[in-house]
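Me: I have a model open and would like to learn how to read it. Please take the features one at a time.

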Amino acid sequence: MTPPPLDDGKPGASKPPRRGGAGAVFVSIGIFATKMFGIVRQVVIAHFLGASVAADAFNAAFRIPNLLQNLFGEGALSASFIPVYANLLARGEKGDLAAQEEAGRVAGAVFAILALVVSVLVLLGVLFTPQILPVIAAGFQGERKTLVITYVRILFPGAGLFVLSAWCLGVLNSHRKFLLSYAAPVVWNLAIIVALLVFGRGQDLPTLGRTAAWASVVGAGAQFLVQLPFVLKLVPHLRLSLDVKHQHVRTVLRNFGPVGVSRGVVQLSAFIDQLISSFLPIGMVSLLFYATTISYVPVSMFAIAVSAALLPVMSSVIGDEVERARQIREFLNGGLRQIAYFVVPSAMAMLVLGDVMAAALFQNGRVTHQDTMYMWGILAGSAVGMVPGTLARLYSTTYYALHDTKTPLLFAGIRVALTSGLGYLFALPLPRLLGIDPHWGGAGLTFSFCIAGWVEYRLLRRGMNGRIGTSGLPLKFAATIWASAGVAAAGGFGLKLLLGARNHVVVGVIVLGGFGLIYLASTSLLRVPETRLLVNRLRLKR
């Protein structure tokens, strides 16, 4: 695995802009809390449901909340709503009272339109779940098919509440209130965890899956309600309406179209992956879901955190074309460095120590050692494309800040086309041709996604460089952090061999803790600025 070809020289060498960096810290803290509880949630699910028929059905059904949340929620809403709303707020901060009132009207109209559209979609989803099933899991038959229909119907109302929570996130982020919006999902995770712990030993697996699904709906409602009072306080001029003719509302809706389609394309890719995985042996849908829980932590904590923090900042940049391009380029380059510094070692750890991660979290109860090895393969496949995939997300965010929603859509379409074709080949025919266990098709599926991610990253970067000038990471910086991650991986692997077959959690803490310390020591010795910034922040928090 080699680092992406990046520019040498000046681009990206500047320190991350302070406003974006501070926001990213709060986003990271919120996401860290959410992801830690999310991992606990998945560990509890794996403990009680394992890789059973009920687990496959439950995890497959979870794609529905993700679908609506990504189509109408956080991703699409952030890219279309925040640039318009944040710009109005910036004008209001300069004394434009009319802009302040406009911001309230826009926020209220977007909420009302979202609520209406999502309510209709939830109703249709509940009524036509059997017709949707072929899109979710065409390979499911018998009990798995019956259970997934039941679970999807329960989960649909929660999906609508997730979208309303995403509106709260958009408002809070525009006001630079990042912590609450990204920590709010903790209550959703808690609802599921508590339900499983209370009812896990007294119910059969199919019934327990239904209990967890209802707990998800309750948690989604709590996630929305915990944010709402703060939103109402921040938007005193909030006015609910369905005024689609309002100038700024039209701009949001116009931008929402391409972004929604773009997110739809991304979701289509996820559904294709799940569709393919439904033809793999029983349990692989769940193992893919569990492994994805691990691989998505660095993506969320660093790529999403930095992108979410920088979107309102870049959208608020005011000035002539040359000055605006310069400022946005500085924000972009600083954000790329922040992401790479954390994601490169994460990818290396997943590639070399993925078995340690999977065993520490999931190898208990109904999850076996062999299941852990399959998850390691899935993590290794994901690691190959994690760096370009996370950098591509920030590039897409930069396009959105420039009010260009069509270019990311085009490149996302190319990625999905590649993912679909390669995913089918690597997951199903290839294991048969090689004469290997079909369970390893899960690793082939994630590897195909990563190849397509590299292509998308290169296209996004080249297009953006033509607009704002050369962007990217200095070659020296990239080589330094990759080398440091390699040294840390070697040290972690040595610790794994030294410890041998001990308690999985103890081994995980020692090996992964050692990996992190070696990476920090190595980057510190090589004078990587981000290490010094990280250490200084940790000292201040003490």
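**Reading the core and its surroundings**

Reply: Phe81, Val148 and Trp167 touch the most other members of the largest nonpolar core, which has 154 residues. A nonpolar core is a set of buried Ala, Val, Leu, Ile, Met, Phe, Trp, Tyr and Cys residues joined through side-chain atoms within 4.5 Å. Buried means under 20% relative accessible area, exposed over 50%, and partly exposed in between, with a 1.4 Å probe and protein chains only. Helix H12 (residues 284–315) gives this core its largest share, 22 residues.

Me: What should I know about the model before I go on?

Reply: This is a predicted model, in which local features need pLDDT of at least 70, side-chain atom pairs count only at pLDDT 80 or more, and totals for chains, interfaces and linings use all residues. Residues are numbered from 1 along each chain as its sequence is written, and side-chain values use heavy atoms, with hydrogens and water left out.

Me: How many helices and strands does the protein have?

Reply: Helices (H or I, at least four residues) and strands (E, at least two) are DSSP runs, numbered from the N terminus. Here there are 21 helices and zero strands. Of the 542 residues, 57% are buried. The accessible surface, from the Shrake-Rupley method with a 1.4 Å probe (for residues, only the protein chains shown count as cover), comes to about 21700 Å², and 67% of that belongs to carbon and sulfur atoms.

Me: Which residues does Trp167 touch?

Reply: Contact means heavy atoms within 4.5 Å. Leaving out residues up to four places away in sequence, Trp167 touches Leu77, Ala107, Val110, Phe111, Leu114, Leu228, Val231 and Leu238. For the protein as a whole, take contacts between residues at least 6 apart in sequence: 87% of them join residues at least 24 apart.

Me: How many aromatic pairs are found in the whole structure?

Reply: Rings of Phe, Tyr and Trp (its six-membered ring) pair if their centres lie within 6.5 Å; planes under 30 degrees apart count as stacked, over 60 as edge-to-face and the rest as tilted. The search finds twelve such pairs. One of them is Phe81 with Tyr85, stacked at 5.0 Å centre to centre with 20° between the planes. These two residues are about one helical turn apart, because they are four residues apart in helix H4 (residues 74–93). Both Phe81 and Tyr85 are buried.

Me: Why does the pair of Phe111 and Phe224 count as stacked?

Reply: The ring planes of Phe111 and Phe224 meet at 15° and the centres are 6.5 Å apart, so the pair is stacked. Phe111 lies in helix H5 (residues 97–127) and Phe224 in helix H10 (residues 205–234), so this pair ties together parts that are 113 residues apart in sequence. Both Phe111 and Phe224 are buried. Elsewhere, ring pairs link Phe302, Tyr341, Phe342 and Tyr519 into a cluster.

Me: Where does Arg337 lie relative to Phe477?

Reply: A charge sits over a ring if NZ of Lys or CZ of Arg is within 6 Å of the ring centre and within 35 degrees of the ring normal. Arg337 lies over the face of Phe477, at 4.0 Å from the ring centre.

Me: Is Lys496 buried or exposed?

Reply: Lys496 is buried, because its relative accessible area is 14%. Lys496 belongs to helix H19 (residues 475–499). Beyond its neighbours within four places in sequence, Lys496 is in contact with Val352, Asp355, Val356, Trp376 and Val511. Ser484 is also placed in helix H19, and at 0% relative accessibility Ser484 counts as buried. Apart from residues up to four places away in sequence, Ser484 touches Tyr519, Ser522, Thr523 and Leu526.

Me: How many disulfides are there?

Reply: A disulfide is a pair of cysteine sulfur atoms within 2.5 Å. By this rule the count is zero. Cys168 is buried at 0% relative accessible area, and Cys450 is buried at 4%.
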